[in-house]
Amino acid sequence: MKSYINNYEVLCDAGDTKGLMQAIYAKKSAVSIDVSYIKDRPSGLGKMHYDNIFNVLKDVTSKVLKASNLENFKDTLLILGSSVGGMQECEDIFYSQKNYKNINPNRYSMNTLTDYLCKEFDFYDSRAISTACTSSANALVLAKRLIDVEAYENILVVGADGLCASTVLGFHALGVLSDKPCLPFDKERNGMNVAEAVAIMLIQNTKTKDSMELKGVGASSDAYHMTNPDPEAGGAMSSMRDAINDAKLSLDDIDYVNAHGTATPANDRVEALAIEKLFANDVYVSSTKAITGHTLGAAGAIEAIISCEVIKNSIIPPQTGLQNQENTNINIPKESIEMSVKNIVSNSFAFGGNNTSIVVGACV
Amino acid sequence: MKLYIKDYSTYKSDEEDIDIKKTLKQKYKLDTRRQDAFIHLGLYGAMLLKEKTVIDKDDELYVTSGIGNVDVVQKTNTRVYEQNQPLKLFDFINLLGNTTSYYIASALGISGKNIFQISDNFTFINTLISLYASINHSQKNAILCSIDLASTPNEVIKRVLGVDEDCSVVSGVNYQKFSLTKDDAIAEIEFDTLSYSFDEINNILKDNNTKVIFSKRCDNFFETYPSYIINDAIKNDEDIIFVDSFEDRYKILKLKSLK
């Protein structure tokens with residue numbers, strides 16, 4: 001059974017899908033410098049313009065529903081990927097009241113965002129995946145597998161994370177938070193930008209005139225170290241290889257890798273090595289996190305949407321900010337490349353050696 | 001959808017009150033530093049399973065919970081907002097669902113696919129469906145860890161679960177090793193994606209002769225309770241139909257003992 005990506009929409013620091021793609025091709029980072037989270041220390045963060053994350057979820061979901069061939073979501077499974085769920089609102093209440101007494105239990109736990117969407121849209125069923133930065137990529141993996149076994153015909157995959165102190169301070173404590181817009185794959189990179197986004201995709205077992213195909217998925221867990229990837233890049237290679245095999249494609253069929261590319265020293269070194277070992281110099285690679293920042297649990301879905309747009313536009317995104325490429329054995333374009341794009345690998349990697357890759361392709 | 005259970009492990013805090021961290025350190029020689037009670041509970045169940053069965057490094061791992069790690073959320077927020085202290089690195093790391101999965105995978109020696117799935121409705125059955133869909137493709141075995149920690153603040157956990165104030169909540173960790181093949185299986189479990197109304201459930205069960213157990217949301221409750229019920233039935237060599245409920249919908253699990 002094939003899985004088709006039939007509708008999607010995003011809200012992130014660079015705006016909606018259209019605004020995001022314009023920023024990517026114009027090499028205009030949407031990351032801003034913030035001094036509110038960490039005293040006396042600027043941080044590069046990707047902030048959306050919005051009132052609260054719940055309204056964004058409702059608005060973006062409504063847009064996807066309106067553009068779809070569905071009247072409602074009564075026969076649709078919701079799979080939401082998020083790293084910290086409702087933490088943003090939880091922090092706000094705690095901050096103002098200094099205790100948990102008045103926390104709304106429906107907006108508390110990791111699956112809070114799922115519960116909210118279920119109440120608003122009456123989904124048939126729901127679940128949340130929380131594997132940190134691979135959360136919504138793993139939601140896509142699960143969506144494909146559930147369509148494979150004909151468990152559901154319509155699956156709404158949501159990637160969502162709102163900016164909050166826990167993640168900003170947490171990545172700062174890890175020593176990987178950049179004080180400027182991040183520089184993926186550059187020798188001078190000094191870390192990542194925590195960011196927020198809501199990215200939503202409708203995956204169905206039926207093809208429409210605008211369909212893209214979720215051709216393959218691969219997931220591995222190298223369990224090498226809690227926060228660092230396997231230095232030999234075994235886990236990253238394995239997830240990419242599995243996704244390409246699952247898509248029944250060969251390495252030569254892949255035109256572009258939308259890299260995880262967080263701009264942390266460890267991730268980019270290992271991911272570049274994995275791409276070098278697997279593809280040599282034969283595939284274009286770039287990281288769009290230079291534009292969006294790292295949207296954590298939303299990253300897999302937002303980058304899958306970017307991959308769909310790259311295929312539709314037939315333009316490979318350039319690497320924003322790149323001056324001195326660290327690993328020169330991979331092919332990172334500094335300017336946009338106009339070409340026919342048929343298949344893309346999109347990578348998402350997370351703590352604990354949790355590696356996920358998906359293959360998005362044009363329908364044949 | 002049908003799966004075979006090769007082995008299981010069970011721990012429920014109201015049945016056996018032990019110092020889990022001490023047991024992990026002394027009996028199993030595990031390094032428990034930088035971890036919290038939620039992770040320790042998951043690891044304890046993993047070690048009980050490892051004592052009984054062979055774990056393959058390619059086995060897939062699914063960890064599921066009804067409410068997740070509430071303690072660590074309280075701890076980080078108290079530290080940052082009440083005590084005005086910087087967030088501790090390992091409290092941040094322990095906030096993330098796949099941290100628990102990582103420690104369990106490491107303890108079991110698993111390097112296969114590793115997923116942390118959470119939902120406060122049909123938690124166990126929904127994860128079982130995810131697991132089935134995955135191994136139906138990979139043809140591998142899968143370990144499912146169902147974990148819920150009841151610790152302070154209990155009042156918050158009850159509100160998250162939507163249970164009455166006088167309902168006692170307990171901690172539980174229950175594992176099963178699932179396979180697509182019947183060889184050496186101790187039980188067979190059937191389930192599907194459908195949910196039913198109360199009338200439909202009554203209709204389905206009206207001519208049934210198998211023991212039926214309904215989900216309870218009171219007395220020694222935890223959200224992944226169905227996983228405990230399954231293990232208890234296997235232990236007692238029973239065939240059961242388990243009916244899980246959420247609001248006004250019901251889902252069914254059918255367990256057949258093969259011992």
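Visitor: How many of the 14 residues of helix 5 of chain A are buried?
Guide: This is a predicted model, where local features need pLDDT of at least 70, side-chain atom pairs count only at pLDDT 80 or more, and totals for chains, interfaces and linings use all residues. Residues are numbered from 1 along each chain as its sequence is written, with chains lettered from A and ligands numbered from 1 in the order in which they are written. A residue is buried if 20 or more other C-beta atoms, placed from the backbone, lie within 10 Å of its own, exposed if 12 or fewer, and partly exposed in between. Helix 5 of chain A is mostly covered, and its buried residues number 13.

Visitor: What span should helix 5 of chain A have?
Guide: The expected span is 1.5 Å times one less than the number of residues. Helix 5 (residues 135–148) of chain A has end C-alpha atoms that agree with this expectation, so the answer is 20 Å.

Visitor: Which residue just after helix 5 of chain A takes a positive phi?
Guide: Helices are DSSP runs (H or I, at least four residues), and strands are runs of E, at least two, both numbered from the N terminus. The phi just after helix 5 is about 60°, and the residue is Glu150(A).

Visitor: Which element of chain B has the lowest mean pLDDT?
Guide: pLDDT is the predictor's confidence in each residue, from 0 to 100. Chain B has a mean of 90, with 99% of its residues at 70 or more. Strand 6 (residues 187–191) of chain B has the highest mean, 98, while the lowest, 72, belongs to helix 7 (residues 154–161) of chain B.
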